[in-house]
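I would ask you to keep the sequence and the structure in view while I speak.

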Amino acid sequence: MSIQPLATETEPVPASTPANTRTRLLTRVWHDRNGRIGLVVTGVLVLVALLGAVGAVPHDPIAQHPDDRLQGPSGTYWFGTDQFGRDIAARVAVGIWTSLRVAVLSVAIATVIGSVLGICAGFFRGWVDQAVSRFVDILFAFPAILLALAVVTALGTGWQNTAIAIAVVYTPIFARVSRGPTLSVGNAEYIKAQRVLGTPLPRIMLRHVLPNVSAPIVVQVTLALSWAILTESSLSFLGLGTQPPAASLGLMVSDARSTVANAWWTLTFPALAIVIAVIALNLLGDGLRSALDPRRESRS
């Protein structure tokens, strides 16, 4: 009687889906103190911005009420009114929406263009790397605000042109951030194996290079969003961003210069909104940096 070998079944290892990856990332960010604070405050700001975008605010942010001009914070006007009798709370909500809209659009453009340039430079090297590096060096030679001013002056005012100007300023940052990790990933054995197997280069870059260099890009996105809000507020403060009567945090700060001596609320609340948004996004970026740290992954 022959003895039959026992059949062994191997438990399938569950694949890591994008949904599971996002859940783990959010969990790690939540367990980090700075990340938790940044996540909560950023969520509140996004909610306020959405309320301002759909018009779910107590008063019309553009409507003028001369009889109610320069009234302090009260039950009717939570943040008071400006020199035209406009509700500052409603204008701050819409101003946050304006800043976030410009920041998200500009950073999205800069992330896509800058990451493509950086990954191509680090992957192909040679003359491609030289051309991209020289282009990045030229843009870095100009101070960020001066370059944004030059682009806005050439394109004209408006939030769309402001977003393009900010994207031009931050594109070289993403190119440099993505180029460094790509240089090391490009020498990995599995990349060489894919090339030997004849895998098309675009597929290698999308399936193997991009996922392995995405961590610093994700962190840079949150930091760039805070810088973009500051830049948009600066351009609006100078009169080159969002134009009146539309609400913008930088424009509100500029208008409050003539009334702040007698009406402190006209400057305080829009300025606080800018500060809170910048700090929250920086804390969120710090939490993401900790969550994506490979040393923390190895310890856990």
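Valine 40 lies in helix H2, which covers residues 33-53. Please bear in mind that we are looking at a predicted model. Is valine 40 buried, partly exposed or exposed? Its relative accessibility is 40%, and valine 40 is therefore classed as partly exposed, since that class lies between the 20% limit for buried residues and the 50% limit for exposed ones. Valine 40 also belongs to a nonpolar patch on the surface, together with Trp30 and Val44. The three residues of this patch have about 270 Å² of accessible area together.

Leucine 155 is part of helix H5, residues 144-155. With a relative accessibility of 44%, leucine 155 is partly exposed. If we set aside residues up to four places away in sequence, leucine 155 touches Asn161 and Ile164. How far apart in space are leucine 155 and glutamine 83? They are separated by 72 residues in sequence, and their C-alpha atoms are 31 Å apart.

We now move to a buried position. Threonine 266 is located in helix H10, which spans residues 265-291. Its relative accessible area is 4%, so threonine 266 counts as buried, the limit being under 20%. Which partners does the side chain of threonine 266 have? One is the side chain of threonine 259, with a polar contact at 3.1 Å. The side chain of threonine 266 also reaches the backbone oxygen of alanine 263, at 2.7 Å. Beyond its neighbours within four places in sequence, threonine 266 is in contact with several residues, including Leu70, Asp82, Ile88 and Met252.

Finally, I come to the nonpolar cores. The largest nonpolar core has 50 residues. Which of its residues touch the most other members? They are Val92, Ile96, Tyr170, Ile191 and Val209. Several elements give two or more residues to this core, among them H2, H5 and H10, as well as helix H3 (88-124) and helix H8 (201-237). For tyrosine 170, leaving out neighbours within four places in sequence, the contacts are Ala110, Trp227, Ala228 and Thr231.

Thank you for your attention.

Key. Residues are numbered from 1 along each chain as its sequence is written. This is a predicted model: local features need pLDDT of at least 70, side-chain atom pairs count only at pLDDT 80 or more; totals for chains, interfaces and linings use all residues. Side-chain values use heavy atoms; hydrogens and water are left out. Patches are made of residues with over 30% relative accessible area and no salt bridge: like charges are joined within 9 Å, nonpolar side chains (Val, Leu, Ile, Met, Phe, Trp, Tyr) within 5 Å. Accessible areas come from the Shrake-Rupley method with a 1.4 Å probe; for residues, only the protein chains shown count as cover. A salt bridge is a side-chain nitrogen of Lys or Arg within 4 Å of a carboxyl oxygen of Asp or Glu. Helices (H or I, at least four residues) and strands (E, at least two) are DSSP runs, numbered from the N terminus. Buried means under 20% relative accessible area, exposed over 50%, partly exposed in between (1.4 Å probe, protein chains only). A polar contact is a pair of N or O atoms within 3.5 Å; within protein, one must be able to donate a hydrogen and the other to accept it, and residues adjacent in sequence count only if both atoms are side-chain atoms. Contact means heavy atoms within 4.5 Å. A nonpolar core is a set of buried Ala, Val, Leu, Ile, Met, Phe, Trp, Tyr and Cys residues joined through side-chain atoms within 4.5 Å.
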